Amino acid sequence: GKQAAIKVLNRQYSSDPSMVQRFVAEARAVNQIRHRNIIDIFGFGQLADGRHYYVMEFLEGSPLDQVVADRGRVSLPDAIPILRSVARALDAAHAKGIAHRDLKPENVFLVVEDGGGLHPKLLHFGIAKLLTQNEGSKPSFKTRTGAPIGTPYYMSPEQCRGRDVDHRTDIYAFGCVTYRMLTGVYPFDGPDYMEILIKQINEEPHPPSHLVADLPMAIDQVVSWMLKKEPAERPPNLLTAVRALEEAA
C-alpha cells in the first residue's frame, strides 16, 4: 500500500550491457551512500520483457530548476539551507568514493514538508562513478576516454576535456549551481554546447555581485573558489564551501 515511483529503462537500452550496468550502478551507488538528502531506492529487478527497473520513494514538491525559473533567482537566505543539504549529500557520496558527475538544479528535488519547509533530495546518480573499488572488485562501468559526459552548463574544465574526473568535478558543478541560484543566469552560456564547453575551460564568469546588487562582494570570492579551473585549487569539500558562503553572507 506504499506509494512509490518506478523508473524503467527504455526498451532500446535494455539490450545494451553498458546502459544496463550504468542503470543498476545508480541504484547500488545510492544504496551504498544511504543519506537522508539522497533519493531512497528500495528495490530493483527485471521485467518479463527484459526491461530493467527500480523502485524508489515517491516525492512531492518541485525540482530546483523549476523553483529558480519561477522566482527568477533564489535569495541568499533561502539558497544557503538548500545548498547546505546538497553539500552534505555530496560529501557523503564522496566519503563512499562516489562522484555524482551530473550535478545540476534539475537533479535536486525540493520536497515540501509539513509546515512549508523544503527538504532537498539529490537525484539521478546515473552517470555517477565509483572513485575507489574494494579489493577484488571490478568497476561498474567505464567511460570511453575523451568522451565528456554531463551537462555543459555545469561541467568542470576537466570534464569538458573528457578526462577522468574525481569528486572535485562535483565541487565545480556545485559552484555553477550556486551561481545559477543566486543570479538566475548560468556562469557560462552560448549559442551551442561547444562554445559553452570552451568557456568552461578558458573563461572566468562575471562576479555574482555585479549581476545582483544585494549580493555581498564576499560571495564572489567563494563562488570563484569553487569555480577554479584547477581541481586542486577548489575547496577541500563542499561543507567547507558552504561555511564560506555563510560567512560571506
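User: Is C176 buried or exposed, and what is its relative accessible area?

Analyst: First, this is a predicted model, where local features need pLDDT of at least 70, side-chain atom pairs count only at pLDDT 80 or more, and totals for chains, interfaces and linings use all residues. Residues are numbered from 1 along each chain as its sequence is written, and side-chain values use heavy atoms, leaving out hydrogens and water. Buried means under 20% relative accessible area, exposed over 50% and partly exposed in between, with a 1.4 Å probe and protein chains only. By that cut-off C176 is buried, at 0%.

User: How many disulfides are there, and how far from the sulfur of C176 is the nearest cysteine sulfur?

Analyst: A disulfide here is a pair of cysteine sulfur atoms within 2.5 Å. The count by that rule is zero. C176 is in no disulfide, and its nearest cysteine sulfur, that of C160, is away by 8.8 Å.

User: What about C160: buried or exposed?

Analyst: C160 has a relative accessible area of 9%. That makes C160 buried.

User: How do α9 and α10 run relative to each other, roughly parallel or roughly antiparallel?

Analyst: Helices are DSSP runs (H or I, at least four residues), numbered from the N terminus. Axes are lines fitted to C-alpha atoms over the stretch in contact, and angles run from 0 to 180 degrees between N-to-C directions. α9 (residues 217–226) and α10 (residues 238–248) pack at about 165°, axes 8 Å apart. Angles under 35 degrees count as roughly parallel, over 145 as roughly antiparallel, 65 to 115 as roughly perpendicular and the rest as oblique, so α9 and α10 are roughly antiparallel.

How values were computed: Helices (H or I, at least four residues) and strands (E, at least two) are DSSP runs, numbered from the N terminus.
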